[in-house]
Amino acid sequence: MDKLMEQVQVRPVLKWAGGKGRLLPELMGRLPKCFARYHEPFVGGGALFFKLASRQQITQAAFSDINPALIEVYVALRDCVEEVIDILKQHYYDEAYYYTIRALDPAALSLPERAARVIFLNKTCYNGLYRENRSGQFNVPFGRYKNPTICDEPNLRAASALLQEVDLEQRHFATALDKAQPGDFVYFDPPYHPLSSTSNFTAYSRYGFSEQDQVQLRDTFAELTRRGVRAMLSNSSAPLIYDLYRPYAVHTVYAARAINSKAAARGKIAEVIVCNYDENGALLSD
Ligand SMILES: C[S@@+](CC[C@H](N)C(=O)[O-])C[C@H]1O[C@@H](n2cnc3c(N)ncnc32)[C@H](O)[C@@H]1O
């Protein structure tokens with residue numbers, strides 16, 4: 001990363017449900033003092049990655065997500081950003097055009113075309129959601145905006161510069177951390193466990209996230225702890241989460257919600273940040 005990049009705060013390229021923008025100060029304040037490689041196995045919009053990489057607090061990074069269309073956007077930005085920009089510049093905000101692009105078969109498109117399509121749909125769809133039907137087709141309706149920015153060229157180029165040395169993979173979280181070493185740092189931002197049985201907003205992709213997945217994630221967190229890898233995790237303040245992470249440092253924090261379809265439900269709600277290390281950076285054991 002060259003000197004010119006130092007001053008530029010790169011913003012996430014995609015709006016993402018559960019985007020961590022508003023929780024960033026709380027997360028930043030709890031990072032380990034230093035770490036070798038940064039891992040993010042539920043990358044989504046990558047708010048924390050872009051924040052830290054912009055400040056040159058990351059030297060090596062690997063990130064992954066189960067959503068292949070999302071990972072492809074980052075691969076395309078890393079490997080062919082100018083082609084993505086050229087294609088994205090041809091897209092425009094119009095309802096009929098939106099549905100034409102949404103109906104395209106991604107398999108018939110090139111990598112930069114697929115990435116530009118996902119960015120375009122993300123900037124112009126309802127609430128920036130990513131939702132697919134059972135056969136994997138993106139099915140979010142058109143969104144109403146004043147004048148959405150579809151192609152933010154400087155930010156896309158700056159994001160591309162930060163992604164140059166990053167390992168990107170489409171993976172389930174359980175297989176994403178085989179290479180994590182003692183001294184590395186992992187940030188987990190899984191789909192939040194619902195606070196009640198009626199709030200079931202966990203369908204980020206066709207893969208849901210069940211209570212069993214939360215337990216498997218805790219097991220991964222515990223295994224990393226035993227391997228000497230520092231880890232931080234954000235989740236909802238559901239009783240299950242306090243229960244699962246009892247041996248670790250569980251901090252309750254308050255942040256405004258980024259995406260919520262019910263305006264009345266906007267506002268501050270409790271979330272938790274779990275660390276497997278104390279304020280001095282010492283690893284906690286289970
Ligand atoms: C809360 S979002 C992450 C938001 C991100 N931190 C941000 O700032 O935008 C959760 C992500 O987990 C991914 N995901 C869901 N199930 C997964 C699994 N089993 N393994 C890996 N990623 C998964 C989703 O595709 C989604 O991108």
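Biologist: How many C-beta neighbours does L14 have inside 10 Å, and what does L14 count as?

Modeller: This is a predicted model. Burial is read by counting C-beta atoms within 10 Å, and 20 or more means buried. L14 has 18 such neighbours, so L14 counts as partly exposed.

Biologist: Where is L14 found?

Modeller: L14 sits in the segment before α1, the helix of residues 24-28.

Biologist: Which residues does L14 touch, leaving out those up to four places away in sequence?

Modeller: L14 touches G45, V73, I119 and N122. L14 and G44 are 30 residues apart in sequence, yet their C-alpha atoms lie 8.2 Å apart.

Biologist: Which residues are closest to the ligand?

Modeller: The closest are G18, F42, G44, G45 and A47, out of 23 residues that surround the ligand. By class, the shell holds 12 nonpolar, eight polar and three charged residues.

Biologist: Now α5. What span should helix α5 have at 1.5 Å a residue?

Modeller: The expected span is 1.5 Å times one less than the number of residues. Helix α5 has 14 residues, 111-124, so it should span 20 Å; its end C-alpha atoms are 20 Å apart, which agrees.

Biologist: Is α5 mostly covered or mostly open?

Modeller: Mostly covered. In α5, 12 of the 14 residues are buried. Among them are P112, R114 and R117, along with I119 and N122.

Biologist: What do the buried residues of α5 pack against?

Modeller: They pack against two helices, α3 (68-88) and α4 (95-103).

Definitions and conventions
Residues numbered from 1 in each chain as written. Predicted model: local features only at pLDDT ≥ 70, side-chain atom pairs only at ≥ 80, totals over all residues. Near = placed C-beta within 6 Å. Nonpolar A, V, L, I, M, F, W, Y, C, P; charged D, E, K, R; others polar. Helix = DSSP H or I, 4+ residues; strand = E, 2+ residues; numbered from the N terminus. Contact = placed C-beta atoms within 7 Å.
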